Amino acid sequence: MIHLILGGARSGKSRHAETLAKASNKKVIYIATAQAFDDEMHVRISHHQNSRPKHWQTLETPIKLAETLTKWGDDDSVLLVDCLTLWLSNLLLAGDDVFESESQAFLDVLATYQGELILVSNETGLGVVPMGELSRRFVDESGFLHQKLAQIADEVVFCVAGLPMMLKSAK
Amino acid sequence: MIHLILGGARSGKSRHAETLAKASNKKVIYIATAQAFDDEMHVRISHHQNSRPKHWQTLETPIKLAETLTKWGDDDSVLLVDCLTLWLSNLLLAGDDVFESESQAFLDVLATYQGELILVSNETGLGVVPMGELSRRFVDESGFLHQKLAQIADEVVFCVAGLPMMLKSAK
Amino acid sequence: MIHLILGGARSGKSRHAETLAKASNKKVIYIATAQAFDDEMHVRISHHQNSRPKHWQTLETPIKLAETLTKWGDDDSVLLVDCLTLWLSNLLLAGDDVFESESQAFLDVLATYQGELILVSNETGLGVVPMGELSRRFVDESGFLHQKLAQIADEVVFCVAGLPMMLKSAK
């Protein structure tokens, strides 16, 4: 069962994902993709960490998401990836080769994934076209990725103000 | 009964709120949070004023929203606040002390509010992360506020192209 | 029957529109509004062209949309306009006179349009208020246009991650 949780900044995506993870009654493995390069980012990461249960295991995976899912996914655990937006940024900053191979490896793992998996990602394409070429590239790749994930996922939710709208639901 | 009307720029939020206010068959008190600092803002304010019925009472409340709601809210009136986005901007520009005290006072008033209240606010978190630190702060605080308001509100609506999507509805 | 397909960048709008066009079992006339001023735009246009069936007729209409709809619309064809966002940008760049006359002419044609028409447009008002005055103008006019079109259209859809949310449906 793959859940995709989309939403804007501070839309309650992470909280919704964490509620789903708790409701699964499985061991929760939290996969953090954030890397703290500056103080502001450090504060954002701490804010998220403090809101999570202390007994959840945390794995830091800025790049090699396919590898982490393959290694840690099993029937007794739910894996929560928060968030794909930062992972995708990390891939694009690492160069086209890394982006191509790691994003394809991730989609390949998902195609046959049997465990419980919750993916959180930011919707960023609903503002004006951004000025920078890298930002436009990011918006494009993020949108393409979301379309592919929405095809694979069993449930897709779009959060606004902490309220989930179901876009696709498992039968 | 508290209504929260969210939506993007020019998404028909204000018109939807005004339709709700008219349908209440109560005296409408319109609470304007905008302050005209330049010509462009002046034009935007005039545009909104001209679209409203002339017999509605207008109160200008750029900052002290809790005070206005406490003073004017009663069983015979519907209060329409348009919009929280500008009010929040005004608070953040007034400094952290004002922001903390006024936003908390507003939430405290809402927690026990008995009258008819319509709140309009812009959804701004669905584009790319903005460049300026103040803009990022605004997007964060706006998102946090919307999540808290959505918990308190009886009805939450998300407008796109003037069409409301019901995110939370009163029983 | 007029369909309005809204959504963010790379939200699957065009694909959804193309699926609708194919399902109509009519001759598809594709109305492209894009003009390639630089290499990046050229790549974006090619990307879209390659994803479309080769037997669709393509008309390039950066400005005179009303004229094209009047000339080509008939009972045997479905006209697919992709996208109104670029058309609106073209109008605004061409000056206020062109913008006023062409946007009004377009709405006039729609008011009595009898054929099958699919309109694709970007939702751009859900990010922070953009810095440039032209960008703010664009967001405003785009939002106003969407509201008017949503009134006229028989079906309005909002796409997120390739998944359509029905905002207004034909009886």
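This report describes how the chains of a predicted model are arranged, how they meet, and which local features stand out.

## Arrangement of the chains

## The interface of chain B and chain A

At this interface, 21 residues of chain B are in contact with 23 residues of chain A. The two chains bury about 1,800 Å² between them, and 64% of this area is on carbon and sulfur atoms. Three residues, B:Leu126, B:Val128 and B:Gln147, supply 36% of the area that chain B buries against chain A, which is more than any other three residues supply.

The rule finds one salt bridge across the interface of chain B and chain A. A:Arg10 forms a salt bridge with B:Asp140, with 3.1 Å between the closest N and O atoms. Seven residue pairs are also found in polar contact across the interface of chain B and chain A, both residues being at pLDDT 80 or more. On the side of chain B that touches chain A, helix H6 (133-152), strand E6 (155-160) and strand E7 (163-168) of chain B each supply at least two residues. H6(B) gives the most to this side, with ten residues.

## The interface of chain A and chain C

Here the contact takes 21 residues from chain A and 23 residues from chain C. Chain A and chain C bury about 1,800 Å² between them, with 64% of it on carbon and sulfur atoms. Of the area that chain A buries against chain C, 36% is supplied by A:Leu126, A:Val128 and A:Gln147, more than by any other three residues.

How many salt bridges does the rule find across the interface of chain A and chain C? The rule finds one. The side chains of A:Asp140 and C:Arg10 meet in a salt bridge, at 3.1 Å from N to O. Between chain A and chain C, the count of residue pairs in polar contact is seven, both residues being at pLDDT 80 or more. The elements of chain A that give two or more residues to the side touching chain C are helix H6 (133-152), strand E6 (155-160) and strand E7 (163-168). H6(A) provides the largest share of that side, ten residues. The residues on the side of chain A that touches chain C divide into ten nonpolar, six polar and five charged.

B:Val156 is placed in strand E6 of chain B. Is this residue, B:Val156, buried or exposed? B:Val156 has a relative accessible area of 0% and is therefore buried.

Leaving aside residues up to four places away in sequence, B:Val156 touches A:Leu163 in chain A, and in chain B it touches residues including B:Leu4, B:Leu6, B:Ala150 and B:Met165. B:Val156 and B:His146 are ten residues apart in sequence, and their C-alpha atoms are 9.9 Å apart in space.

## Backbone features

Most residues other than glycine have a negative phi, and most peptide bonds are trans. A:Arg10, although not a glycine, has a positive phi of about 55°. A:Arg10 is found in the loop between strand E1 (2-7) and helix H1 (13-23) of chain A, and is buried, with a relative accessible area of 14%. In chain B, phi of B:Arg10 is near 55°, again a positive value in a residue other than glycine. B:Arg10 lies in the loop between strand E1 (2-7) and helix H1 (13-23) of chain B and is buried, with a relative accessible area of 14%.

The peptide bond from A:Asp82 to A:Cys83 is cis, with omega near 5°. A:Cys83 is in the loop between strand E4 (77-82) and helix H4 (84-94) of chain A. B:Asp82 and B:Cys83 are joined by a cis peptide bond with omega of about 5°. B:Cys83 lies in the loop between strand E4 (77-82) and helix H4 (84-93) of chain B.

Note on methods: Residues are numbered from 1 along each chain as its sequence is written. Chains are lettered from A and ligands numbered from 1 in the order in which they are written. This is a predicted model: local features need pLDDT of at least 70, side-chain atom pairs count only at pLDDT 80 or more; totals for chains, interfaces and linings use all residues. Side-chain values use heavy atoms; hydrogens and water are left out. Contact means heavy atoms within 4.5 Å. Buried area is the accessible area (1.4 Å probe) that two parts lose on being put together, summed over both. A salt bridge is a side-chain nitrogen of Lys or Arg within 4 Å of a carboxyl oxygen of Asp or Glu. A polar contact is a pair of N or O atoms within 3.5 Å; within protein, one must be able to donate a hydrogen and the other to accept it, and residues adjacent in sequence count only if both atoms are side-chain atoms. Helices (H or I, at least four residues) and strands (E, at least two) are DSSP runs, numbered from the N terminus. Buried means under 20% relative accessible area, exposed over 50%, partly exposed in between (1.4 Å probe, protein chains only). Ala, Val, Leu, Ile, Met, Phe, Trp, Tyr, Cys and Pro count as nonpolar, Asp, Glu, Lys and Arg as charged, and the others, Gly among them, as polar.
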